[in-house]
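Hi everyone, thanks for making the time. Let me put the sequence and the model up, and then I'll walk you through what I found.

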Amino acid sequence: MSSLIHIPAKQQPVINRLHETMTQAMAYAAAIADNAIDDGVPLPMELVDSFAADYERIITSLVTAATAK
C-alpha cells in the first residue's frame with residue numbers, strides 16, 4: 001500500500017490485516033484456478049457466485065467507510 005495515503009492510526013491494523021487477507025485470498029483463488037485447469041474439472045458457478053457476493057459485501061463496507069462523515 002502506498003505511504004502517500006493518510007490512514008488514521010485506529011484503522012491501520014485492520015487495514016493491514018484486510019490487505020494481508022486479500023493477498024492470501026488472491027493466491028488461494030489462483031491455486032483453485034490452477035487445480036481446475038490441471039484436473040479439467042470446473043469450479044461450480046454457484047460457489048463462484050457465493051464468493052462474488054462476499055466480495056460485494058466487502059466493497060460495500062469499504063465504500064461506507066470511505067464516505068463516512
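Let's start with Met 45, which sits in helix H2. Before I go on, a word on where this comes from: the model is predicted, so to speak of local features we need pLDDT of at least 70, side-chain atom pairs count only at pLDDT 80 or more, and totals for chains, interfaces and linings use all residues. Residues are numbered from 1 along each chain as its sequence is written, and side-chain values use heavy atoms, with hydrogens and water left out.

Okay, the big picture. How many helices and strands does the protein have? Two helices and zero strands.

Now the overall form. The radius of gyration is 16 Å, well over the 11 Å that the globule rule gives for 69 residues, so the protein is more spread out than a compact globule. That radius is taken over C-alpha atoms, and the rule is 2.2 Å times the number of residues to the power 0.38. Along the principal axes, the C-alpha atoms fill a box of roughly 45 × 20 × 15 Å.

What about the inside? Buried residues make up 1% of the 69 residues. Buried means under 20% relative accessible area, exposed means over 50%, and partly exposed is in between, with a 1.4 Å probe and protein chains only.

Let's walk along the chain with those words. Ala 9 lies in the segment before helix H1, which covers 12-39, and at 69% relative accessibility Ala 9 counts as exposed. The C-alpha atoms of Ala 9 and Pro 42 are 33 residues apart along the chain and separated by 43 Å. Next, Thr 21 lies in helix H1 and is partly exposed at 39%. From Thr 21 to Thr 64 is 43 residues along the chain, and their C-alpha atoms are separated by 20 Å.

On to helix H2, residues 45-66. Leu 62 lies there, and at 41% relative accessibility it counts as partly exposed. Past the helix, in the segment after H2, we find Lys 69, which is exposed at 100%.

Which residues form the patch? Ile 32, Leu 43, Met 45, Leu 47, Val 48, Phe 51 and Tyr 55, with about 570 Å² of accessible area together. Helix H2 gives the most, with five residues. A patch takes residues with over 30% relative accessible area and no salt bridge; like charges are joined within 9 Å, and nonpolar side chains (Val, Leu, Ile, Met, Phe, Trp, Tyr) within 5 Å. Accessible areas come from the Shrake-Rupley method with a 1.4 Å probe, and for residues only the protein chains shown count as cover.

Last topic: salt bridges. Side chains of opposite charge can pair when their charged atoms come close. The cut-off is a side-chain nitrogen of Lys or Arg within 4 Å of a carboxyl oxygen of Asp or Glu, and by that rule we get one salt bridge. Arg 57 pairs with Asp 54, with the closest N and O atoms 2.3 Å apart. Both lie in helix H2, three residues apart, about one turn of the helix. Asp 54 is partly exposed, at 30%.

Methods. Helix = DSSP H or I, 4+ residues; strand = E, 2+ residues; numbered from the N terminus.
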